[in-house]
Amino acid sequence: MTSEDPMDRRRPRRHAPTLAGEGAGGPYWRFILLALLSLVCITTATAQAPAPVNQAVIAAERPPELLSAYHFFRDAGAREPNERVTPYDLNTPLYSDGALKFRYVFIPPGQQAQYRDEGVFEFPVGTVLIKTFAFAADMRQPTENVRFLETRLLIRRAEGWIALPYVWNEAQTEARLSPIGATIPVSFTNEQGQAIALDWAVPNRNQCKGCHDVAGEFTPIGPNARNLNRAGPDIAFSPWSEGNDSALIPRSDPISTNQLDAWTDDHLLAGAPPGANAPRVPRAFDPASGSLDLRARAYLDVNCAHCHNPQGPAHTSGLDLRWSQHDPIAWGVGKRPVAAGRGSAGFEFAIDPGHPERSILLYRLRATDPGVMMPETGRQLVDERGAALIEDWIAHMDSEGRVHE
Amino acid sequence: MRLIAAAAIAAIVVTGAAEAKTWRIRPGAEAEQALQRALIEARPGDTVQLGRGRFELSGGLSLDVDRVTIRGDGENRSILSFNNQRRGAEGLLITSDNVTLRGFAVENARGDAIKARDCNGIHIRQVRVEWTRGPNAENGAYGLYPVNCDNVLIERSIARGASDAGIYVGQSRNIIVRDNLAEFNVAGIEIENSFNADVFGNVATHNTGGILVFDLPGLPQQGGHDIRVFNNRIVDNNTPNFAPAGNIVAGVPTGTGVLIMANRNVHVFENEIADNGTVNVLISSYRESFQDEHYNPLARDIVIRDNEFGNTGYAPAGDLAALSQLGVPIPDVLWDGATIYSRGGMARTEQVRIVVDDNRSTRTRTGSFLSLGLASAGSPISEAQPDPTPPPIVEIEEPERVRIG
């Protein structure tokens, strides 16, 4: 694993699935899988070369009912990405009840995303961002008994982005379009060993827009320079890397190439500076990656700022939690609630510096009542790690909202 | 029949679009999904017709399609019940233009009942929003809640039990609120950080405060102005304040008829304002400290004329109770007297015109007036220098009648 060309890693075969119950004996299952694939291929008369991603389907006015119609994956279970379907990871992801997330980008052959320092890259028409949400039966063994819940597509059309949620069937053999959302009962054991049962809410089209909205335009959230700018020996591109010697997802997978540089090298991205010179947010829960202040702000940027920015759905609150916002007043320091209702919990300020125990922002992060909790959608559980981070951050603030460690 | 067909043909000719469709939804096990599907798949011009009965909903509903009408069989017959709501920060969220809501109820939403955000054209008629257990701090904040909207018309509707405001129009422009009933809320009707509003023909009773006109700092739109409040019955607003602490309305004294805080050019005339235990009309600056460098906390160019005042001051609450105990008689119209404020460490002042003219009172014949003489916004009430001399009568031009575009 360690001595290979990092570029090689992004060939689709490098991301063959590690299916439940299979250990490190890579060649055997790969052989079986190939055999199965061949069988499928033979029956569809495409022989050894799998059909490429179907750009006509991506462009079609009417989206297909089944995810498999796009050919993003070579297998029915969507573990093995097709040619040009590139896995990627974020430094600090959005909390979604602790679900595993597998992200891929497809950019049409011959085209590239345009780099930007700030905001989501300018992706060409025909780009698809693919994200699968999943839980392992026991999240302490996140590579085993993984159940896919839904795969969300964000497709860049000429007139803008559209969101299409595909919901996986029980047998995990196909995912079907569900534009009005769905509710999926899920039970799993969490990282602390507790049994969790929840109704996973697949968002409907409006709920998608509830977060992916900048001044009324549907917009992706994650793939910006600072969140994609990952490097170092401990970062993985894909959780489905082979050589299943670690139980953690994303796997600690030695790779020396910066993700932005890799996109540039793969001609997925144009105009980018070397990753070392591009903006970067830390990993929120990795103290080695940044100061408490920066990690807390990275967390708020990803989890809150998609709404709480001057052009977002929560702009009327006056709260601005973007990474680029450096004024503590805009983060809520000394800011009185406007329309919080009982979300205020009787506290006077969104952030009362030095006093997490009476800061509305933290109270709402820890709430699960739908009339109180923040974010409003996308979770039912409390992100305990995230809340602890924000608690620590507020506790360390001086009266101006600055954090000195 | 022929007429309908002709109209349909005309619609096709005029718009070139398909015939408008009516989605009929009946209560029952499938209703929630059917209703949300209709709200998503509706085309501009469509009507979503709610049948008679109670719709039990587990999640918030949302509409993001222009020119859709949601119509029920009457505000007591078609009821969207959120008794068992588990998801969503409001009962019904509208984010599209020229939407009409008519003839239904929203009961017991966990958060706000009906929120319309970033809309141009929202028409709410004969809609009831209610928390059926009556005043309770656990009720949602707002009943009817347009925010950052243009062309708002709310009429012949009912709002009960909101823990903030029954009818709340925030950061909006061009507003008519007429012929509604707002009762058992903290604030009956509240116009906040808004431009050009006509509030008339309403009954505001059994609230903590009847009708509030507020301007708050730190929001994307502030500098509220040009508000007319006329021909309303604002009587018996003595429900003990049940707003969660920290919210701005938690500071509204129980027993307030009309409260104007900050704002420019507010005209209150020809109302019946009676039996509000603390005070019939309170004019105040914004009294908290603020950091918004564009904000003016003074209430200025305020006209209180030709109102019929009934009993008041018989059960003063909050700061005014202390004042009353000092032997200061509570008038019909009380002004804090602020003409100076501090912004960015600089003291500022301006001409503040308050006109109290031609009112009638069952207690005092002509309506009585008192300035507390708190020249600086936010001065403690202990520094009051009460002065009953009415300010000079000057001409302040009344805003033009609001016309919905």
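My entries follow, starting with the ground rules.

**Ground rules.** This is a predicted model, where local features need pLDDT of at least 70 and side-chain atom pairs count only at pLDDT 80 or more, while totals for chains, interfaces and linings use all residues. Residues are numbered from 1 along each chain as its sequence is written, and chains are lettered from A and ligands numbered from 1 in the order in which they are written.

**Entry 1, domains of chain A.** I looked up the domain assignment of chain A, which gives domain 1 (6-277) and domain 2 (287-395); such bounds come from an automatic or database assignment. The contact takes 20 residues from domain 1 of chain A and 18 from domain 2 of chain A. I count two residues as in contact if their C-beta atoms, placed from the backbone, lie within 7 Å. What supplies the domain 1 side? At least two residues each come from α3 (205-211), β10 (213-214) and α4 (225-228) of chain A, and α3(A) gives the most, with 3 residues. Helices (H or I, at least four residues) and strands (E, at least two) are DSSP runs numbered from the N terminus. By class, that side of domain 1 of chain A has 9 nonpolar, 7 polar and 4 charged residues. Here Ala, Val, Leu, Ile, Met, Phe, Trp, Tyr, Cys and Pro are nonpolar, Asp, Glu, Lys and Arg charged, and the others, Gly among them, polar.

Which residues of α2 (residues 31-41) of chain B are buried? I found L35(B), Q36(B), A38(B) and L39(B). They sit on the same side of α2(B), because they cover an arc of only 155 degrees around the axis, taken from the directions from the helix axis to the C-beta atoms. Their cover includes β1 (22-25), β2 (47-50), β3 (53-56) and β4 (59-63) of chain B. My cut-offs: buried means 20 or more other C-beta atoms within 10 Å of a residue's own, exposed 12 or fewer, partly exposed in between, with C-beta atoms placed from the backbone.

Most residues other than glycine have a negative phi, and most peptide bonds are trans.

- H71(A), not a glycine, has a positive phi of about 60 degrees. H71(A) is in the loop between α2 (55-59) and β1 (85-88) of chain A, and is partly exposed, with 19 other C-beta atoms within 10 Å.
- N265(B) has a phi near 65 degrees. N265(B) lies in strand β26 (residues 264-269) of chain B and counts as buried, with 20 C-beta neighbours inside 10 Å.
- M374(A) and P375(A) are joined by a cis peptide bond, omega about -10 degrees. I placed P375(A) in the loop between α8 (360-365) and α9 (384-395) of chain A.
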